[in-house]
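Student: Could you walk me through this model while I have it open on the screen? I'd like to begin with the aromatic side chains.

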Amino acid sequence: MSKETHRSMRTYDFSDLKDIATDAEHKAQLLELLIEFDRFCEKHGLTYYLSGGTLLGAVRHQGFIPWDDDVDINMPRPDCEKLMELSGGRIGEFELRPPNTSPSYFAYHWKLYNDKILVAKRKQGKIGKKVYPIFLDIFPIDGLPDTDSENERHYAEIRQHKDRVNHARGVRRYRGKNPYRWLRNRLATRILRAQGVETLFRNVIDHATSIKYDRADYVGVMMTNVHTTEERVSKAEYTPVVRLEFEGHLLSCPAGYDTYLRQLYGPKYMEWLPPHKRLSRHDLIPFVAYAEGEKPSQAVIDPTDTVVMPEVADDEEMHDENV
């Protein structure tokens with residue numbers, strides 16, 4: 001989906017922050033996103049699955065993992081495309097964004113945003129300048145090769161295409177002291193930037209969809225760097241839908257969740273982490289946002305506050321799982 005076909009997403013800053021949100025407020029708004037998304041999919045016959053730590057939460061906790069703070073969905077790519085077409089970019093009061101529609105919110109997957117809670121990323125004990133709404137990640141499931149070795153090669157080729165996109169976006173930068181590598185990096189960035197992010201992005205998607213979902217015996221998500229080749233599953237085992245409890249609601253999960261979770265988290269995935277590891281790795285600070293018409297005409301910001309601008313990076317890199 002070309003970013004030129006969609007209006008830019010609103011930019012948020014510190015003046016939009018009303019107060020620090022509690023964990024309960026944060027999770028309540030994430031759940032509201034998820035329930036509205038489920039309702040829309042049920043109404044229109046679209047298939048989706050809880051995935052990653054969200055699926056593990058459903059299986060092990062019947063809800064959120066207590067120390068987790070995001071929601072992940074896997075969805076067959078054909079259904080992702082139907083979702084965008086049917087919704088027109090809105091699901092209830094929430095905004096749905098397709099891949100590659102904004103430099104500030106660059107991603108290879110779909111996102112459903114809820115701006116009632118805004119988050120800022122903690123960085124080295126400070127707060128980064130980037131502020132954005134909480135969101136539900138919707139990762140497309142694509143067809144994959146029949147063997148592990150072919151799948152490894154398939155993913156490596158996708159990764160190469162994504163590296164070229166990162167060069168063009170200026171986020172793949174060599175920061176060492178080797179002058180040859182520094183020069184080679186800058187030349188690659190200049191050459192690939194001339195080709196254009198849109199063209200290089202399209203190459204990623206073309207390669208990822210070269211094995212059609214409907215014809216594949218194996219499927220998986222290749223559009224995130226957190227879980228990669230271990231996402232590959234048998235379509236026949238994985239794709240039948242079962243409804244499992246999540247925070248008092250029955251939501252869609254893959255029938256083959258045991259195999260999937262073992263591949264991602266190991267055979268002991270039902271065991272809790274030891275207490276000292278029960279921390280979110282996202283390092284996000286949630287804030288309640290001002291409601292429409294409630295925001296003061298002039299926000300008061302302490303001039304002694306120290307903020308740092310985090311390095312630009314793919315949104316997908318921000319979602320390390322902590323189970």
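Tutor: Rings of Phe, Tyr and Trp count as a pair if their centres lie within 6.5 Å, and planes over 60 degrees apart make the pair edge-to-face. Please keep in mind that this is a predicted model.

Student: OK, how many aromatic pairs does a search of the whole structure find?

Tutor: The search finds 10 aromatic pairs. One of them joins Phe37 and Tyr48, whose ring centres are 5.2 Å apart and whose planes meet at 70°, so this pair is edge-to-face.

Student: Where do Phe37 and Tyr48 lie?

Tutor: Phe37 belongs to helix 1 (residues 23-44), whereas Tyr48 is in the loop between helix 1 and strand 2 (49-50), so the pair ties together parts that are 11 residues apart in sequence. Both Phe37 and Tyr48 are buried.

Student: What about Trp67 and Trp272, how are their rings arranged?

Tutor: The ring centres of Trp67 and Trp272 are 5.6 Å apart with the planes at 65°, so this pair is edge-to-face as well. Trp67 is in the loop between helix 2 (52-61) and strand 3 (71-76), and Trp272 is in the loop between helix 8 (257-265) and strand 12 (284-289), so the pair ties together parts that are 205 residues apart in sequence.

Student: And is Trp67 buried or exposed?

Tutor: Trp67 has a relative accessible area of 9%, and because buried means under 20%, Trp67 is buried. Trp272, with 42% relative accessibility, counts as partly exposed, because that class runs between 20% and 50%.

Student: Which residues form an aromatic cluster?

Tutor: Tyr49, Tyr238 and Tyr260 form one aromatic cluster.

Student: Which lysines sit over rings, then?

Tutor: Lys130 lies over the face of Tyr132, at 5.6 Å from the ring centre, and Lys235 has its charged end over the ring of Tyr213, 5.0 Å from the centre of that ring.

Student: Changing topic: how much space is in the second largest pocket?

Tutor: The second largest pocket holds about 470 Å³ of space. Its lining is made up of 20 residues, and those nearest its centre are Arg10, Tyr12, Asp115, Lys116 and Tyr290.

Student: Which elements give two or more residues to that lining?

Tutor: Those elements are strand 5 (94-97) and strand 6 (110-123), and strand 6 supplies the largest share of the lining, with 5 residues.

Student: How does the lining split by class?

Tutor: The lining of this pocket has 10 charged residues, 9 nonpolar ones and 1 polar one.

Technical notes. Residues numbered from 1 in each chain as written. Predicted model: local features only at pLDDT ≥ 70, side-chain atom pairs only at ≥ 80, totals over all residues. Heavy atoms only, no water. 1 Å grid on protein atoms, 1.4 Å probe; cavity = no way out; pocket = protein on both sides within 12 Å on 5 of 7 lines; lining within 4 Å. Points joined across faces, edges and corners; volume = space filled by probe spheres on them. Helix = DSSP H or I, 4+ residues; strand = E, 2+ residues; numbered from the N terminus. Nonpolar A, V, L, I, M, F, W, Y, C, P; charged D, E, K, R; others polar. Phe/Tyr/Trp six-rings, centres within 6.5 Å; stacked < 30°, edge-to-face > 60°. Buried < 20%, exposed > 50% of the residue type's maximum accessible area, 1.4 Å probe, protein only. Lys NZ or Arg CZ within 6 Å of the ring centre and 35° of its normal.
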